[in-house]
Amino acid sequence: MGSISFRNVDKTFGAGAIKALEGINLEIADKEFVAIVGPSGCGKTTCLRMVAGFEAASSGDVLVNGKAVTAPGPDRAVVFQQFALFPWKTVRENIDLGLRNKNLPAAAREEAIAGALRLMSLESHADAFPHQLSGGMQQRVAIARAYVLDPVVLLMDEPFGALDAQTRVVMQEELVRLARRNPRTVLFITHAVEEAVYLADRVAIMTRRPGRIKEVLDIRTVRQSENWDSHPKIEDVMDLESFVHLRTHIWKSLREEKGFRDV
Amino acid sequence: MTLAGKRKAVIGLTTLGGVIALWFLTTAVTGLVSGARFPSPAEFWTSLSQISGRGYAGATLLSHALHSLKLVAMGFAVAVLTGVPLGLWMGWSRRVEAFVNPVFLIIRPIPPLAWIPLAILWLGLGDAAKIMVIWFSAFVPSVINAFTGVRNIDRPVLEAARMLGTPRWRMVREVIAPAASPMIFTGLRLSLQASWTTLVAAELVGALVGVGFVLNMAQQDIYPGMILVGMLTVGVLGWATTVILAWIERRALAWNVAARD
């Protein structure tokens, strides 16, 4: 089980000086993949950080499985835009830390690490240090480190934002395969509209600051009826009329936002 | 060795040779600088042989050097073992910083050498006083750099560790300390430098053995050759310990040095 609920969530920073989020309501069901898109500075990352337990809501409730979030924990694994690997640890040690923190026996950890390495095609890099890997590879390690925890929810904060365009496409395709084969609850933050439509079951569109949820689009129904997943390549999906239609709808919705600059 | 490294070594040796040649020229060959002010290479050699064999100021050069080295090693070790943990702690906890910082701000501007009279008053002319003064001087850079190292850790790295459920002690040992270690080593280098500076000063003021004591005696004996021997001994010892520290740093920070390249 892994549901996420935002109930009337407000967030202000700096003793009320900056109102970041206003009246956020969003229910994410178990094993649902929800992407939040919005203009820069709209507070979408703050939403994720509240689920992760890095920030507290100023008012309202942020719930995971019906329980209020109080602190960060391995049940809510985070993948950061800047990877946030431990550069002094090898790939294997990076993945192992969370398992050691769970006090798992060595054999179980070995097995879990091997599985995570296989999942992200990292077998031949297990003993490399992060600086020896490309950006895409580093982000694979970060995803493996998150997946290996077997988290209730997976929180991805613009995970492909720091990658070059080609690597990004590969990672997006891989994440789709991963999510369809092994579905789990994902909250995915991005400012790339195509990415959101391609990956998510639903896309929540936010307004500029103070961020509110303007509209939630159901992508999954369209994906299933138009059979998107029969196309293994992202560019083929992006060419489909149903995809273009949804994308254009989101673009227009975002463009209405004043202060819209670099979505 | 790389080509650039070889070039650098050749240039370095050439400079060194040039300085020695100049020394030879100005003292022994032309007599431009009189032996009463600065020793000729021959006089230096005589002094070096004397202190190495018969001894000077109560002991041989080796004993003096080893004694000084021992004091630096002890003072430096005590400073690092107390300073780095305190710096890490201050960096980690705003409350500890709030408590310690005011004291630190007052003590920090006092030059370490100003502690020497008090140290001698408390602990006499023996080793304990010198270790204390070295401790004070080497402590400050260790604390400040460890502190800065912690404060400069990328926030996502800390958040990742917290997200992974890392318990407190493991957090310090496996995340905070390694993340701050490049800065910690910067602090150690400065601490080591400070240790040598302070040691020589402390031995100049009050000691019965050690390189600083050799310098002090040679000055009283108006013995330029022996003064130069003392100075160069400090130089060589300081250089050697710095090389050892750099070697340890390279090994400990392999993940970081390679990242910089």
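Predicted model: local features only at pLDDT ≥ 70, side-chain atom pairs only at ≥ 80, totals over all residues.
Residues are numbered from 1 along each chain as its sequence is written, chains are lettered from A and ligands numbered from 1 in the order in which they are written, and side-chain values use heavy atoms, with hydrogens and water left out.

Let me begin with strand S8 of chain A, residues 185-189, where five of the five residues are buried, so the strand is largely enclosed by the rest of the structure. By buried I mean under 20% relative accessible area, with exposed meaning over 50% and partly exposed in between, using a 1.4 Å probe and protein chains only; helices (H or I, at least four residues) and strands (E, at least two) are DSSP runs, numbered from the N terminus. In a regular strand the side chains alternate between the two faces of the sheet. Here Thr185(A), Leu187(A) and Ile189(A) lie on one side, Val186(A) and Phe188(A) on the other, and all are buried.

Which strands pair with S8(A)? Strand S3, residues 33-37 of chain A, pairs with S8(A) in the parallel sense over four bridges, and strand S7, residues 153-157, runs parallel to S8(A) and is joined to it by five; pairing requires that DSSP finds at least two bridges between two strands. Within these pairs, Ile36(A) has Ile189(A) as its bridge partner, and Leu155(A) has Leu187(A).

Turning to charge, a search of the whole structure finds 28 salt bridges over all chains, each being a side-chain nitrogen of Lys or Arg within 4 Å of a carboxyl oxygen of Asp or Glu. One of them joins Lys11(A) and Glu55(A) at 3.9 Å, N to O; Lys11(A) sits in strand S1 and Glu55(A) in the loop between helix H1 and strand S4 of chain A, 44 residues apart. In another pair, Asp229(A) and Arg223(A), the aspartate is partly exposed at 43%, whereas Arg223(A) is buried at 4%.

Finally, in chain B, helix H1 (residues 3-29) has 27 residues and reaches 37 Å from its first C-alpha to its last, close to the 39 Å expected at 1.5 Å a residue, the expected span being 1.5 Å times one less than the number of residues. After H1(B) comes Gly31(B), whose phi is positive, near 70°.
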